[in-house]
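Welcome, and do take a moment to turn the model around before reading on.

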Amino acid sequence: MGDFLTAIGLALVIEGVLYAGFPGPMRRALMSVSGMPEHSIRMGGLMALAIGVFVVWLVRG
């Protein structure tokens, strides 16, 4: 459970750095995502999930 909470905290730190450091580009990125079809967003999310699981698998062995 501790690793899970650490991962969530790290994700929030990374997201916070992006919004704090690059607010304009992040706003444009969110606006472009809002115009995308749900299928494309879902596929992107599934790809990110698969890459994340693979990275965790590589690191944790």
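## A salt bridge and its setting

In this predicted model, Asp-3 and Arg-60 form a salt bridge, with 3.1 Å between their closest N and O atoms. The pair joins distant parts of the chain: Asp-3 belongs to helix 1 (residues 2-21), while Arg-60 belongs to helix 3 (residues 38-60), and the two are 57 residues apart. Side chains of opposite charge can pair when their charged atoms come close. With a cut-off of 4 Å between a side-chain nitrogen of Lys or Arg and a carboxyl oxygen of Asp or Glu, the count comes to 1 salt bridge.

Are the two partners buried or exposed? Asp-3 and Arg-60 are both exposed.

Now for the chain as a whole. How many helices and strands does the chain have? There are 3 helices and 0 strands, and the order from the N terminus is α-α-α.

Here are some overall values for the chain:

| Property of the chain | Value |
|---|---|
| Radius of gyration | 14 Å |
| Box filled by the C-alpha atoms, along the principal axes | roughly 40 × 30 × 20 Å |
| Accessible surface | about 5400 Å² |

For comparison, a compact globule of 61 residues would have a radius of gyration near 10 Å, whereas the chain has 14 Å. Buried residues account for 2% of the 61 residues. As for the accessible surface, carbon and sulfur atoms contribute 76% of it.

Note on methods:
Residues are numbered from 1 along each chain as its sequence is written. This is a predicted model: local features need pLDDT of at least 70, side-chain atom pairs count only at pLDDT 80 or more; totals for chains, interfaces and linings use all residues. Side-chain values use heavy atoms; hydrogens and water are left out. Helices (H or I, at least four residues) and strands (E, at least two) are DSSP runs, numbered from the N terminus. The radius of gyration is taken over C-alpha atoms; the globule rule is 2.2 Å times the number of residues to the power 0.38. Buried means under 20% relative accessible area, exposed over 50%, partly exposed in between (1.4 Å probe, protein chains only). Accessible areas come from the Shrake-Rupley method with a 1.4 Å probe; for residues, only the protein chains shown count as cover.
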